[in-house]
Amino acid sequence: MKLGIILETKEPEKAWNAFRFANTALKREHEVKFFLMGEAVECENIDHPKFRVVDEMKTFEELQGIILACGTCLKSRMMDEYTACPISTMNDCVELVEWADKTVTF
């Protein structure tokens, strides 16, 4: 199954759970694409002792998951030159939804 995940928060526990869900899906041999929107583009900077978002993001990338980040959201935070994620557009988000068999939002 193709799963599209849209994350719209940088709240540590929610972001952590979203990436755990994605990693579990990849381990079950689903294809997964992730779109970071709004404050979620700040996920690379979450530092929480219990909810290790960055570790889950690294695992996601190691499992060959695809992460896209909203370019407008990055630019509004002046982060467009400091992200490891490909800078994407709303067209990319629409294409993710069209590609996916199921779309999940966190």
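Predicted model: local features only at pLDDT ≥ 70, side-chain atom pairs only at ≥ 80, totals over all residues.
User: Which residues of α4 are buried?

Analyst: Look at accessible area. Buried means under 20% relative accessible area. In helix α4, residues 90-99, the buried residues are C93, L96 and W99. They cover an arc of only 125 degrees around the axis, which puts them on the same side of α4. On the other side, N91 and E98 are exposed.

User: What covers the buried residues of α4?

Analyst: Look for contacts from other elements. The cover includes two strands, β1 (2-7) and β2 (31-36).

User: How should I read a nonpolar core?

Analyst: Start with the general idea. In soluble globular proteins, nonpolar side chains tend to be buried together. Now the case here. The largest nonpolar core has 34 residues. Of these, L7, F19, F34 and L36 touch the most other members.

User: Which elements give two or more residues to this core?

Analyst: They are β1, α1, β2, α2, β3 (66-70), α3 (71-76) and α4. Helix α1 gives the most, with seven residues.

User: What does L7 touch, leaving out residues up to four places away in sequence?

Analyst: Setting close neighbours aside shows contacts between parts that are apart in sequence. For L7 the list includes K14, A15, A18 and F19. It also includes F34, F35, L36 and F106.

User: Is A18 buried or exposed?

Analyst: Read its relative accessible area. A18 is at 0%, so it is buried. Its place is in helix α1, residues 12-27. Leaving aside neighbours within four places in sequence, A18 is in contact with I5, L7, F34 and F106.

User: How many salt bridges does the count come to?

Analyst: Look for a side-chain nitrogen of Lys or Arg within 4 Å of a carboxyl oxygen of Asp or Glu. The count comes to three. E42 forms one with K10, the closest N and O atoms being 2.9 Å apart. That pair links distant parts of the chain, 32 residues apart. E42 is in the loop between β2 and α2, and K10 is in the loop between β1 and α1.

User: Which side chain meets R77 in a salt bridge?

Analyst: That of E42, at 2.7 Å from N to O. R77 lies in the loop between α3 and β4, so the pair ties together parts that are 35 residues apart in sequence. R77 is partly exposed, at 29% relative accessibility.

User: Where is the remaining bridge?

Analyst: The side chains of R52 and D55 meet in a salt bridge of 3.0 Å, N to O. R52 is partly exposed, with a relative accessible area of 42%. D55 is partly exposed too, at 34%.

User: What is the phi of Q64 near?

Analyst: Phi is a backbone angle. For Q64 phi is near 75 degrees, a positive value in a residue other than glycine. Q64 lies in the loop between α2 and β3. At 64% relative accessibility, Q64 counts as exposed. M78 has a positive phi of about 55 degrees although it is not a glycine.

Notes: Residues numbered from 1 in each chain as written. Heavy atoms only, no water. Helix = DSSP H or I, 4+ residues; strand = E, 2+ residues; numbered from the N terminus. Buried < 20%, exposed > 50% of the residue type's maximum accessible area, 1.4 Å probe, protein only. Contact = heavy atoms within 4.5 Å. Arc of directions from axis to C-beta. Core = buried A, V, L, I, M, F, W, Y, C linked by side-chain atoms within 4.5 Å.
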